[in-house]
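Thank you all for making the time this morning.

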Amino acid sequence: MSGVWLLSLEALDEKDVPVMLRFSTGQYHGDGQAWMPRIQQAGLYRAGLFAGDLLRVSRSGYGETTLINADGALNYLAGYALDGRRAELRYATGSEVIDVLVGTVARVSYQGRMISLRLRDPIETLQQPHPSTRYAGSNVLPDGLEGTDDDIGGTIKPRVYGQVRNAEPVQVNSARLIYQVSDQDCRVSAVYDNGIPLAFDGDYSSTAELQSTSPSQGQWSDWEPPAGKWRRYQGYIRLGSAPVGQITCDADAPVTNAGAVMAAVATEAGAVTGDVSSLDAVGQLRLWVTDEVTTADLLDRIAISVGGYWRIDSSGKIQAGALAAPDTPTLTLRDHQIIDISREATGAGQNGLPVGHVLVECDPIERTQDSLAGGVSEARRARLSKAVREAEASDASTLSRHPLADDVQIASRLATRDQGKALASRILSLLSPRRDILTITARVQDAGGLVTGSTIRIVTPRLGYSSGRDLLVVGREIDTSRNRQTLELWG
């Protein structure tokens, strides 16, 4: 039975009144709504699960739906606002309606007798600059916390997510020796001058007190400078005496666990998260932002750091978790439902072989230093000479069986080496066994309800799957012209 493609679009009309537009490839009255049979071609769409280098899959793509406008009846759309708004594509066969994808409208163009709607994955709205603040450059010294146009005016203010260690704070008031490590509330726990910790002199209660009251100057200890004191207010610090060398500091935001940090980033961008608390168990993150960056890039960094993934579900919520082996399948595809099947590899490595060694960069610091005060210990000198520490895990049996087994390196922002070791071990146990990478094509009505991140069972005598194999859906492509769906599977 041939079906009907349904496309619903959220929009604002010329008076900014929210409206719902409904188009179809043919007559449809199944839900009692008025569907306009104007779709000429529903399009080609693809989406993928982002998990950094742990999965070899393109995360998302876009498609194009064309509407028939030979009679000009849809000319009114020129006055409507559709960009960035929700678009739902469904496939109806008889009484069954399958949700195929949810995206956003990226562009509307008018081509002769046709109207082209370019749709994108909902992630498109997160590929915009993440909300930030910039220094106004409005200081009238000795007053102000915004720098001047001659120094930091117009630059992005730093922001701490989770933790930061040995960061170089921005001097926002040169006359009063005031610095800023984050434009949001955080707790500065230590300040260093050329590697020497300065003495803490207490908290301020307001920015007014921050500017009006200086910390104690302190005294040099014996012959070795520096020896100033410092006080703090939210993301600001103020020194009691001019520094001898490079000022750095340590600070913690109100939340430091990975899941809580991801939720905080999403909230700032106006996005909603599902349950991402499972990421908290992986550990604390150190993420310090000093330049313009997209929200999607920040979420990518978090997912990579924990060996995890993230996606946007059909309700528009960000879903994330630690990458794991396939779970309980939500759907079974049997041989008669499979149009085509091919296996690319039987290993999770980039070379198609199992992974025998995992190296995790962790415990990052922001500023490496080799010119330090004489009183800095050798252990501290060694730590400040490297931007990250490393943790690794190897599987001797895998390396013996597969001499060319792949290596995986993860640029993580996990806060401690112990957390890095745990991540390396988990990823190794996940990627060192056999992991099949498949491409399967099926009819939309047989596999239309699947989403990336779900588990599917494949049962077919082809490729040795007579007893069935559970696999993770990591990518899918919808070809509406042939009513087919191609699935990229892993597991």
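Predicted model: local features only at pLDDT ≥ 70, side-chain atom pairs only at ≥ 80, totals over all residues.

Residues are numbered from 1 along each chain as its sequence is written, and side-chain values use heavy atoms, with hydrogens and water left out.

Let me begin with the chain as a whole. The C-alpha trace spans about 90 × 70 × 30 Å along its principal axes, and the chain holds seven helices and 32 strands, where helices (H or I, at least four residues) and strands (E, at least two) are DSSP runs numbered from the N terminus. Of the 491 residues, 51% count as buried, and here buried means under 20% relative accessible area, exposed means over 50%, and partly exposed lies in between, with a 1.4 Å probe and protein chains only. Among contacts with a separation of 6 or more, 70% come from residues 24 or more positions apart, a contact being heavy atoms within 4.5 Å.

Now to one sheet. In general, strands of a sheet pair through backbone hydrogen bonds, either parallel or antiparallel.

Next, two single residues. Ser8 sits in strand E1 (residues 4–12). Is Ser8 buried or exposed? Ser8 counts as buried because its relative accessibility is 7%. Apart from neighbours within four places in sequence, Ser8 is in contact with Met20, Leu21, Arg22, Trp35, Arg86, Ala87 and Glu88.

The second residue is Tyr309, in strand E22 (residues 308–312). The C-alpha atoms of Tyr309 and Gly321 are separated by 5.7 Å, although the two are 12 residues apart along the chain. With neighbours within four places again set aside, the contacts of Tyr309 include Leu49, Phe50, Ala51 and Ala303, as well as Gly321.

That leaves the empty space. Rolling a probe the size of a water molecule over the atoms shows where empty space is left. The search uses a 1 Å grid over the protein atoms alone: a cavity is a set of points where a 1.4 Å probe fits but cannot get out, a pocket is an open set with protein on both sides within 12 Å along at least five of seven lines, and lining residues have an atom within 4 Å of a point. Grid points are joined across faces, edges and corners, and a volume is the space filled by probe spheres set on the points.

The largest pocket has a volume of about 500 Å³. Its lining counts 33 residues, with Ala47, Leu101, Val102, Asp121 and Arg476 nearest the centre, and E7 gives the most to this lining, with five residues. The second largest pocket has a volume of about 310 Å³, and Thr104, Pro122, Thr125, Ile312 and Gly316 are the closest to its centre among the 18 residues that line it. Here too E7 gives the most, with three residues.

How many cavities of 30 Å³ or more are there? The count comes to two. The largest cavity holds about 90 Å³ of space, and of its 13 lining residues His130, Pro131, Ser132, Arg159 and Val289 lie nearest the centre. The second largest cavity holds about 30 Å³, and its lining includes Asp53, Leu54 and Leu431.
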